[in-house]
Amino acid sequence: MAIISDYNEQDNKPLSSSPVSAKPFNETKVEEVRNASEAMEEDKKGPLAPNIGNGLDLDNYSWGQSMQEVNVNISVPLGTKSRFIVCDIKKSHLTVGLKGQPPIIDGELYRPVKVEDCFWSLEDQKSISVLLTKKDQIDWWKCVVKGEPELDTEKVEPETSRLSELDPETRSNVEKIMFDQRQKAMGRPTIDDMQKEEMLKTFMAQYPGMDFSRAKTS
């Protein structure tokens, strides 16, 4: 009888006395969801892949670009009249919205524009189209206005078929950028890096007695 009594007491010990404790199933799931959400938010902070127009699709507007221009498209309520639209394009600032409402876009442009070559239009009374002509037509914009999400310019893919339509100087700049992007992706030197290296080699040949051990080409 004593043996049976001891066995029952051991078998009826509260689970809380066990040295090993596991998290409840629901708590574990909540933690997994929280970690996944935090990881997604972290990803959003970095550069984003461009859309088909080499821009981004944001919550309140979308945009695309070529080497010469930036095109912004903003959806507005169907039936909107042009007189209700506010669009102020300055060299380094853009404001777009509807009268009596907070601006949809209001900030410093990523790069200056040629104001005289910029314009806006109302498309089918349901969207505002803004064309911005870049002042320096030699690089890709990461965003329209500073502070907005930025795209990864190394993933921009201009349409090769349109290169022939560009003037020689612009085409040369575009091809250089495309080449440099491919080189960077493969961990190889850009055109500028190669030119600097070639200049250093020439200089070293002209002055063989100098110490170039600390010279850098990049």
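Residues are numbered from 1 along each chain as its sequence is written, and side-chain values rest on heavy atoms, with hydrogens and water left out. As the model is a prediction, local features need pLDDT of at least 70 and side-chain atom pairs count only at pLDDT 80 or more, while totals for chains, interfaces and linings use all residues.

Strand β5 (residues 93-98) is joined to β6 by four bridges in the antiparallel sense; two strands count as paired if DSSP finds at least two bridges between them. The two belong to an open sheet of three strands, ordered β4-β5-β6 and paired antiparallel. Its edges are β4 (85-89) and β6, each of which pairs on one side only. On average, neighbouring strands here are turned by 5° against each other, direction ignored, with axes taken as lines fitted to C-alpha atoms (for helices over the stretch in contact) and angles running from 0 to 180 degrees between N-to-C directions.

Stepping back, the protein has four helices and eight strands. Read from the N terminus, the order is α-α-β-β-β-β-β-β-β-β-α-α. Of the 218 residues, 27% count as buried, meaning under 20% relative accessible area, with exposed set at over 50% and partly exposed in between (1.4 Å probe, protein chains only). Among contacts with a separation of 6 or more, 52% come from residues 24 or more positions apart, a contact being heavy atoms within 4.5 Å.

The other sheet to describe is open too, with five strands in the order β1-β2-β3-β8-β7 and antiparallel pairing. β1 (56-57) and β7 (119-123) stand at its edges with a single partner strand each, so one side of each has no neighbour in the sheet. Within this sheet, β3 (residues 69-75) and β8 (residues 127-133) run antiparallel and are linked by seven bridges. Valine 70 faces leucine 132 of β8.

On the aromatic side, a search of the whole structure turns up one pair. Tyrosine 110 and tryptophan 141 make up this tilted pair, 6.3 Å centre to centre with 55° between the planes. For such pairs, the ring centres of Phe, Tyr and Trp (its six-membered ring) must lie within 6.5 Å; planes under 30 degrees apart are stacked, over 60 edge-to-face, and the rest tilted. Tyrosine 110 comes from the loop between β6 (105-108) and β7, and tryptophan 141 from the loop between β8 and α3 (168-185), so the pair ties together parts 31 residues apart in sequence. Tyrosine 110 is buried at 12% relative accessible area, and tryptophan 141 is buried at 1%. Tyrosine 110 also has the charged end of arginine 111 over its ring, 4.3 Å from the centre; that label asks for NZ of Lys or CZ of Arg within 6 Å of the ring centre and within 35 degrees of the ring normal.

As for cysteines, the whole structure contains zero disulfides, a disulfide being a pair of cysteine sulfur atoms within 2.5 Å. The sulfur of cysteine 87 has its closest cysteine sulfur in cysteine 118, and at 9.3 Å that is too far for a bond. Cysteine 87 is buried, with a relative accessible area of 19%, and cysteine 118 also counts as buried, at 12% relative accessibility.
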